[in-house]
Amino acid sequence: MAGRLTRRWGERDELGATARGLTFASRSGAQVVALWDGRVEFAGPFRGYGQILIIEHGDGYHSLLAGLERIDATVGQTVVAGEPVGIVSSADGKPSLLYLELRRHGQPIDPLPWLSPREEKVTG
C-alpha cells in the first residue's frame, strides 16, 4: 500500500499516548500487502480495533496491521512480501488510516528502518 506517513513510532497522539507503531493515510479502499514473508497468526476483529491481521515472520518478529475493512488472508496461511492481504477502510472520501506495528519477542520496535530499501547481493 502506498500512503503518507502521518504518525511515527514514539510520537504522541492526540490523547498524549506514545505511538507504538506507524500510521499511514491512504486513499479509501487501498490494497494492503504483506511487508515481509510470514505466516498469518490472527485475522479478524479484535476488541474495538476493528479488523486486524497479525503475521509471524520468524526470529521472534510479528507485524500487526489495523485499520482494515477487509482481510484477504486466513490463519495459518503463508504469505510472501508484496502479497495482497486486505484493503483499508472506506471513509467517505476522507483518507483512510492504516496502523502498522512491528514487535520483536512481544515488544514494539520502530518499523521504519525495516521499511527502507535494502541492497542485497545475490550469489550463485
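Author: Begin with accessibility: buried means under 20% relative accessible area, exposed means over 50%, and partly exposed is in between, with a 1.4 Å probe and protein chains only. Glutamate 101 has a relative accessibility of 7%, so it counts as buried. This is a predicted model, in which local features need pLDDT of at least 70, side-chain atom pairs count only at pLDDT 80 or more, and totals for chains, interfaces and linings use all residues. Residues are numbered from 1 along each chain as its sequence is written, and side-chain values use heavy atoms, with hydrogens and water left out.

Reader: What share of the chain counts as buried?

Author: Of its 124 residues, 32% are buried.

Reader: In which strand is glutamate 101 found, and which residues does it touch?

Author: Contact means heavy atoms within 4.5 Å. Glutamate 101 is placed in strand β9. Residues up to four places away in sequence aside, glutamate 101 touches Arg20, Gly21, His62, Ser63 and Leu64.

Reader: What is a polar contact, and which side chain makes one with glutamate 101?

Author: A polar contact is a pair of N or O atoms within 3.5 Å; within protein, one must be able to donate a hydrogen and the other to accept it, and residues adjacent in sequence count only if both atoms are side-chain atoms. For the side chain of glutamate 101, the partner is the side chain of arginine 103, at 2.5 Å.

Reader: Is serine 63 buried or exposed?

Author: Serine 63 has a relative accessible area of 4%, so it is buried. It belongs to strand β6. Its side chain and that of histidine 57 are joined by a polar contact of 2.7 Å. Beyond its neighbours within four places in sequence, serine 63 is in contact with several residues, including Trp36, Leu53, Leu100 and Glu101.

Reader: What is a nonpolar core, and which residues touch the most other members in the largest one?

Author: A nonpolar core is a set of buried Ala, Val, Leu, Ile, Met, Phe, Trp, Tyr and Cys residues joined through side-chain atoms within 4.5 Å. The largest one here has 17 residues, and Val32, Leu53, Leu65, Leu68 and Val85 touch the most other members. Two or more residues of this core come from each of β2 (22-26), β5, β6, β8 (84-88) and β9. The largest share, three residues, is that of β6. As for leucine 65, its contacts, apart from neighbours within four places in sequence, include Val32, Leu53, Val85 and Leu98.

Reader: How is a pocket found, and what volume does the largest pocket have?

Author: Rolling a probe the size of a water molecule over the atoms shows where empty space is left. On a 1 Å grid over the protein atoms alone, a cavity is a set of points where a 1.4 Å probe fits but cannot get out, while a pocket is an open set with protein on both sides within 12 Å along at least five of seven lines; lining residues have an atom within 4 Å of a point. Grid points are joined across faces, edges and corners, and a volume is the space filled by probe spheres set on the points. The largest pocket comes to about 570 Å³.

Reader: Which residues lie nearest the centre of the largest pocket?

Author: They are Tyr49, Leu64, Ala66, Tyr99 and Glu101, out of 20 lining residues. At least two lining residues are supplied by each of β1 (4-7), β5 (51-58), β6 (61-71) and β9 (96-104). With four residues, β9 gives the most.

Reader: Where does glutamine 77 lie?

Author: Glutamine 77 is in the loop between β6 and β7 (78-79). Its relative accessible area is 22%, so it is partly exposed. The side chains of glutamine 77 and glutamate 83 make a polar contact of 3.3 Å.

Reader: Which loop holds aspartate 59, and what is its phi?

Author: Aspartate 59 is in the loop between β5 and β6. Its phi is positive, about 55°, although it is not a glycine. Aspartate 59 is exposed, at 66% relative accessible area.
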